[in-house]
Amino acid sequence: MRQSRTSLGRHFDPVTCRMLDALIEDSFLHAALDTEQHDRAVTAEAVARITTPRSVQGR
């Protein structure tokens, strides 16, 4: 976990790193255990929402 957050920390602040790290870990868990096909577009949308500043998102 520390190594992942360190890598993410090169590009994102600590709070965003924790969010992305949780998303990544959960994505692997869901891919391994879920009986339905994984939609990569959902993961891409989640990353975009987490990493796009609110001012750009229109909030």
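Predicted model: local features only at pLDDT ≥ 70, side-chain atom pairs only at ≥ 80, totals over all residues.
1. Start with residue classes. Ala, Val, Leu, Ile, Met, Phe, Trp, Tyr, Cys and Pro count as nonpolar, Asp, Glu, Lys and Arg count as charged, and the others, Gly among them, count as polar.

2. Now the overall layout. The chain has four helices and zero strands. Read from the N terminus, the elements run α-α-α-α. The C-alpha trace spans about 35 × 30 × 10 Å along its principal axes. There are 59 residues in the chain, and buried ones make up 12% of them.

3. Next, how two of the helices meet. Two packed helices are described by the angle between their axes and the distance between the axes. Here, helix H2 covers residues 14-33 and helix H3 covers residues 40-51. They pack at an angle of about 170 degrees. Their axes lie 10 Å apart. Is H2 roughly parallel or roughly antiparallel to H3? Angles over 145 degrees count as roughly antiparallel, so H2 is roughly antiparallel to H3.

4. Which residues make this contact? From H2 come Thr-16, Met-19, Leu-20, Leu-23 and Ser-27. From H3 come Thr-43, Ala-46, Val-47, Ile-50 and Thr-51. Sorted by class, the contact has six nonpolar and four polar residues. No charged residues take part in the contact of H2 with H3.

5. Is Ala-46 buried or partly exposed? Its relative accessible area is 21%. Buried means under 20%, so Ala-46 counts as partly exposed.

6. Cys-17 is placed in helix H2. Its relative accessibility is 4%. That value is under the 20% cut-off, so Cys-17 counts as buried. Leaving out residues up to four places away in sequence, Cys-17 touches Arg-5, Leu-8, Gly-9 and Phe-12. Thr-51 is 34 residues from Cys-17 along the chain, and their C-alpha atoms are separated by 9.6 Å.

7. Then the pockets. Rolling a probe the size of a water molecule over the atoms shows where empty space is left. The largest pocket holds about 230 Å³ of space. It is lined by 13 residues. Nearest its centre lie Ser-27, His-30, His-38, Val-42 and Thr-43. H2 and H3 are the elements that give two or more residues to this lining. H2 gives the most, with five residues. By class, the lining of the largest pocket has four nonpolar, five polar and four charged residues.

8. Back to the second largest pocket. How much space lies in it? The volume is about 150 Å³. Its lining is made of Ile-24, Ser-27, Phe-28, Ala-31, His-38, Arg-40 and Thr-43. Again, the elements that give two or more residues are H2 and H3. H2 gives the most to this lining, with four residues.

How values were computed: Residues numbered from 1 in each chain as written. Heavy atoms only, no water. Axes fitted to C-alpha atoms, helices over the stretch in contact; angles between N-to-C directions. Parallel < 35°, antiparallel > 145°, perpendicular 65-115°, else oblique. Contact = heavy atoms within 4.5 Å. Buried < 20%, exposed > 50% of the residue type's maximum accessible area, 1.4 Å probe, protein only. 1 Å grid on protein atoms, 1.4 Å probe; cavity = no way out; pocket = protein on both sides within 12 Å on 5 of 7 lines; lining within 4 Å. Points joined across faces, edges and corners; volume = space filled by probe spheres on them.
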